[in-house]
Amino acid sequence: MSTITGRLAAPTRSRSLRHWAARNRGSIALHAVLLLGLLVFMLPIVWSISASFKGKTELFAPVPGLFPARPTIANYTYVLRRMGTFPRFFVNSVVVTGGSVALIVVAASLAGYAFGRLRFRFRDLIFYTLVLQIFVPRAGGLMAQYELMHALHLRNSLLGLVLLFAGGIAVPIFIMRQTFYGIPGEFEDAARIDGANRWQVFWQVIAPMGAAGMVLVAIFSFINIWGEFLVTLTMIDDQEKWTLAVGVANLSLATTSWQDAEILPYGTTAAGYLLAAFPAALLFIVMQRWFVRGMMEGLKF
């Protein structure tokens, strides 16, 4: 009896599967395209991870494989131990990125509150003029920034980099303005009725409600500044003050001066870039919930 029931149920399941596939044909095609796109975008990352664990023999193979046959940590050993400047580059990146992000979050929050909640003359004109800076490439004004930094005696210093990066707040101001603009005015009115002044209203009521937007600004700013290369290379001549992005880019030159049977500049550079990208990836993973919430609140029109 069970055999007959199973034979009758098999065609039924097959028809149900065909009906489900027919109804969800568009969704299946979309997911297939997205999966293919994910594989294409992930391939360079997978290749870099694989290359960082390969020795010289495998990297020089006529047909290199995607995964290392004999994994080695010689590339990471060289970057972390034998290249003594890597920890210094890491500290410089932490100082520059941390200082810049803190200034950007504070300045963008204050400016976003002013543009989103206050009423003053030429408010919209100033805001949209500021937003136009988004479309100006950083390299376009690099020479003018170089001359200005040199005139202010801020070139070739970490403080100069912090102030320079903190000046690029067009996008953060836009995000914070949209965040504060979407907060109902009743909260602010209630605080004013209770006797709070403008600063108390901002710091104790509005700012906590816009925390998701601040986190979004912090994540965006961290990623942009942590991996920034062009401005740092232009403004810093002293190798002791290089950040990770510039230091890792010069790993291939440093590797050629150290002879070893296991390493190759290509492998050490891959290891260096992965180590440099790890803090940004970790920050995004940890703050992913706040990132999505900030995107929902801070990018509404």
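Two helices count as roughly antiparallel when the angle between their axes, taken from 0 to 180 degrees between N-to-C directions, is over 145 degrees. This criterion is applied below to a predicted model.

**Overall composition**

The secondary structure of the chain consists of 17 helices and 0 strands. The chain has 301 residues, of which 36% count as buried. Among contacts between residues at least 6 apart in sequence, 71% join residues at least 24 apart.

**Helix α9 and its surroundings**

Helix α9 covers residues 170-181, a run of 12 residues. From its first C-alpha to its last it reaches 16 Å, close to the 16 Å expected at 1.5 Å a residue. Because 10 of the 12 residues of α9 are buried, this helix is largely enclosed by the rest of the structure. The buried set comprises Ala-170, Pro-172, Ile-173, Phe-174, Ile-175, Met-176, Arg-177, Gln-178, Thr-179 and Phe-180.

**Packing of α9 against α12**

How are α9 and α12 oriented relative to each other? The axes of α9 and helix α12 (residues 211-226) come within 9 Å and cross at roughly 165 degrees. With the limit for this class set at 145 degrees, α9 and α12 are therefore roughly antiparallel to each other. The crossing of α9 past α12 is right-handed.

On the α9 side, the contact is formed by Pro-172, Ile-175, Met-176, Thr-179 and Phe-180. These residues meet Gly-213, Met-214, Leu-216, Val-217, Phe-220 and Ser-221 of α12. The residues of the contact between α9 and α12 divide into 8 nonpolar, 3 polar and no charged.

Which residues other than glycine have a positive phi? Phe-122 and His-153 are two such residues, and their values and positions are given in the table.

| Residue | Phi | Loop |
|---|---|---|
| His-153 | about 60 degrees | between α7 (142-151) and α8 (158-166) |

Is His-153 buried or exposed? With a relative accessible area of 72%, His-153 is exposed, since the class begins over 50%.

Methods. Residues are numbered from 1 along each chain as its sequence is written. This is a predicted model: local features need pLDDT of at least 70, side-chain atom pairs count only at pLDDT 80 or more; totals for chains, interfaces and linings use all residues. Side-chain values use heavy atoms; hydrogens and water are left out. Helices (H or I, at least four residues) and strands (E, at least two) are DSSP runs, numbered from the N terminus. The expected span of a helix is 1.5 Å times one less than its number of residues. Buried means under 20% relative accessible area, exposed over 50%, partly exposed in between (1.4 Å probe, protein chains only). Angles under 35 degrees count as roughly parallel, over 145 as roughly antiparallel, 65 to 115 as roughly perpendicular and the rest as oblique. A crossing is left-handed if the near helix is turned anticlockwise from the far one by less than a right angle, and right-handed if clockwise. Contact means heavy atoms within 4.5 Å. Ala, Val, Leu, Ile, Met, Phe, Trp, Tyr, Cys and Pro count as nonpolar, Asp, Glu, Lys and Arg as charged, and the others, Gly among them, as polar.
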